[in-house]
Amino acid sequence: MSPIISNNKRPFRVLFVCLGNICRSPAAEGIFKRIAHDRGLNVEVDSAGTSGWHQGEPADSRMRRSARHRGYELTSISRPVRRSDFERFDLLVAMDDSNYDNLREMASTKEEEDKIVRMADFLDRKDYDHIPDPYYGGADGFDLVIDLLEEASENLAQEIQDIYGPQV
Ligand code: 4NP
């Protein structure tokens, strides 16, 4: 499929951000990559954590298992958010309000602040205003994360497609 954002333009760059970068944001990265690719969007996708607690680790095995059951292989390695991310990425997508507030504190200009959004704002369903942290809970929490991220990713991909024009 031809890219929707035409070949002579650079990719639209999206960074998903959670606390540890081992559960929610690696799942968002894997899910959004697939959805964007299926739509032919020219995107670059990455994920990071507001903490460096799990730096260098693969995604949590429970998150990977849940994602694998839904057809997604999560391959990212945890890293903390860097200052340079605010220049490189067009959109920084926070999983919850704490991630959002931490990113806002890191931003150094209004332009950088304006790149920060909440993943839950792309949900149609109104029963969640954030992507709940599944780390200390059971398997249901990981499946819920996938449900929410699939819906939000479709809507985010649609918005990017709407902004960046019709399919070429
Ligand atoms: P994440 O989940 O932010 O979705 O990656 C967590 C991972 C690790 C911890 C908390 C949340 N932790 O406390 O180590």
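Tutor: About 160 Å³ of space lies in the largest pocket, and that pocket is where the ligand sits. Do keep in mind as you look around that this is a predicted model.

The lining of the largest pocket includes the run Cys18, Leu19, Gly20, Asn21, Ile22, Cys23 and Arg24. Trp53 and His54 line the pocket too, along with Asp133, Tyr135 and Tyr136. Sorted by class, this lining has 7 nonpolar, 3 polar and 2 charged residues.

Now turn to the ligand itself. Among the residues that surround the ligand are Leu19, Ile22, Trp53 and Tyr136. The shell around the ligand is made up of 7 nonpolar, 3 polar and 2 charged residues.

Next, some polar side chains to find on your screen. Arg24 places a polar side-chain atom 2.8 Å from an oxygen atom of the ligand. For His54, a polar side-chain atom likewise lies 2.8 Å from a ligand oxygen atom. With Asp133, an N or O atom of the side chain is 3.4 Å from an oxygen atom of the ligand. As for how covered the ligand is, it exposes 360 Å² when taken alone, and the protein buries 94% of that.

Terms used. Residues numbered from 1 in each chain as written. Predicted model: local features only at pLDDT ≥ 70, side-chain atom pairs only at ≥ 80, totals over all residues. Heavy atoms only, no water. Near = heavy atom within 4 Å. Polar contact = N/O pair within 3.5 Å; in protein donor to acceptor, adjacent residues only side chain to side chain. Areas by Shrake-Rupley, 256 points an atom, 1.4 Å probe, with all protein chains shown as cover. 1 Å grid on protein atoms, 1.4 Å probe; cavity = no way out; pocket = protein on both sides within 12 Å on 5 of 7 lines; lining within 4 Å. Sits in = over half its atoms within 2 Å of the grid points. Nonpolar A, V, L, I, M, F, W, Y, C, P; charged D, E, K, R; others polar. Points joined across faces, edges and corners; volume = space filled by probe spheres on them.
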